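Hi,

Here's the structure I promised to pass along.

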Amino acid sequence: MSILPAAEFAADISFPVVIVGAGAAGLIAALAAREAGVEVLVIERDSTPRGSTSLSAGLIPAAGTRWQRAVGVEDTAEAFAADILAKAHDTPDPAMVAMASAMAGPTLEWLADQHGLDFSVIADFLYPGHSACRMHGLPKRAGAELIEALAAAAERAGVTVLCDAQVLKLAAEADGRIVGVVVQRPDGGTERIGCQALVLACNGYGGNKVLVAQHVPELAEALYFGHPGNQGEAILWGEALGAATRHLSGHQGHGSVAHPAGILISWATLTEGGFQINTEGQRFHNESLGYSEAASPVLRQPGGVAWSVFDSRIGLIAAQFEDFRQAEAAGIVLRAPDVAGLAARMRVPVDALAATMAEVDSLKVSGGTDRFGRSFAGVAALQPEFCAVRVTGALFHTQGGLSVDPRTRVLRENGEPLPNMFAAGGAACGVSGPDASGYLSGNGLLMATALGRQAGISAAALAKPAE
Ligand SMILES: Cc1cc2nc3c(=O)[nH]c(=O)nc-3n(C[C@H](O)[C@H](O)[C@H](O)COP(=O)(O)OP(=O)(O)OC[C@H]3O[C@@H](n4cnc5c(N)ncnc54)[C@H](O)[C@@H]3O)c2cc1C
């Protein structure tokens, strides 16, 4: 990934702050920079802002918010930070965990108050690893709704978003100071845009098969469910400039993508009392650990598929999510009044499904732990009507990235910051550690929102002339 020497760069136009990528991280950074009073340009390769943000469920974890208080959820940034560290076995940078968990709540309230985003908290379903209900979303619980709201807010705030423009190269001084970027348009033409501060918000490398095979070989052949434009440029540019990267093998997988329809099926279908079986009717893992680490076990089953089995009560909880409603509309949530009918629709051996159901029911009564380590204590038995969806495992997004400090400054190996480069969202190293099991629900958009806002503040402070 080439870096153009500053001496060979002459800007056609300049902005104090340039942001690469118009996903949640880039647009939130832009809103923060505008609020600080600087002109900002967001450069986006697509013809409209989308990114992985638009493909997501749009759920953002935050602690101590007014939406939590309104429904009686007690929570603190410290408890949130402890959950993040516990899920990732204390591997993330504690300073970044503290910063992100403290920044998330105020950032969502700022997006609501200043930019009209209508958040509420999901209070009827506790995501695995979270000690409190703290996943917030817009009314439809859909990422497309989130990105549309952010893009509209950016437009109202006077942010310039240049679409159909792929950043090909950064231009830098010998000391790593970025002087601008080279952008390519769909017709092959190029433009040179100067800047005083650069924010990399172009996510990770999930769409780059070569980098996935190198860093996450277990999912090299898996379905990639994120945005194809996430090609890893932030990491490659950073490395070329001497920046440090961290936890590049970290990622979020998912063990519940409807197959072959390709629709995300909420993990609530499992944690609320459902379970997964393979095509032979056998369970094969502990679903309560989380959806991220479930991708590999699902892919190891015959045909690389599994069935998520639940009931209509759980289906109602899942139906608050736009994706699940789409799955129902597509007719891929199979339903039957009894086990035999469900087994017939699933084409799995009825005896095996009935035995698995009976085993799970008895665990729910006894409160015992199964052979995979899952406790079903306190969870209601499944009741007719029974439901099932055929699913597969997928790679959602990568979690490793550029090392940044709590001001989102990109760091060199020696811990010194590069002069004027910041990273947020999936471009920065996340708080999930080096493997799939470290991903706590919402870590993705946490890094996009909390770090996005901070990156905008930091970049604006650097670019703004002293008053
Ligand atoms: C199916 C799915 C569901 C998910 N659900 C959730 C969830 O509910 N909660 C959660 O926390 N996380 C979730 N995630 C993860 C979440 O979507 C990401 O962590 C988050 O969207 C990252 O935001 P971002 O702004 O960093 O990246 P993106 O939203 O991907 O934005 C990056 C943008 O940069 C652009 N870009 C890339 N390279 C260039 C370039 N060279 N020049 C110009 N533009 C460029 C891309 O086109 C893209 O628009 C989910 C992910 C998937 C795939």
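Five of the seven residues in strand β20 (residues 417-423) are buried, so the strand is largely enclosed by the rest of the structure. Buried here means 20 or more other C-beta atoms within 10 Å of the residue's own, exposed means 12 or fewer, and partly exposed is in between, with C-beta atoms placed from the backbone. Strands (E, at least two residues) and helices (H or I, at least four) are DSSP runs, numbered from the N terminus.

Before going on: this is a predicted model, where local features need pLDDT of at least 70 and side-chain atom pairs count only at pLDDT 80 or more, while totals for chains, interfaces and linings use all residues. Residues are numbered from 1 along each chain as its sequence is written.

So what does β20 pair with (pairing takes at least two DSSP bridges between strands)? On the parallel side, three bridges join it to β10 (residues 190-200), with L200 partnered by A423 of β20. β19 (residues 409-411) pairs with β20 in the antiparallel sense over two bridges, and there R409 stands opposite F422. Five residues sit between the strands of that β19-β20 hairpin, where G415 takes a positive phi near 85°.

Elsewhere, R313 lies in helix α11 (residues 312-318). R313 is partly exposed, as 14 other C-beta atoms lie within 10 Å. Its C-alpha atom is separated by 41 Å from that of G232, 81 residues apart along the chain.

Cheers

Note on methods
Two strands pair if DSSP finds at least two bridges between them.
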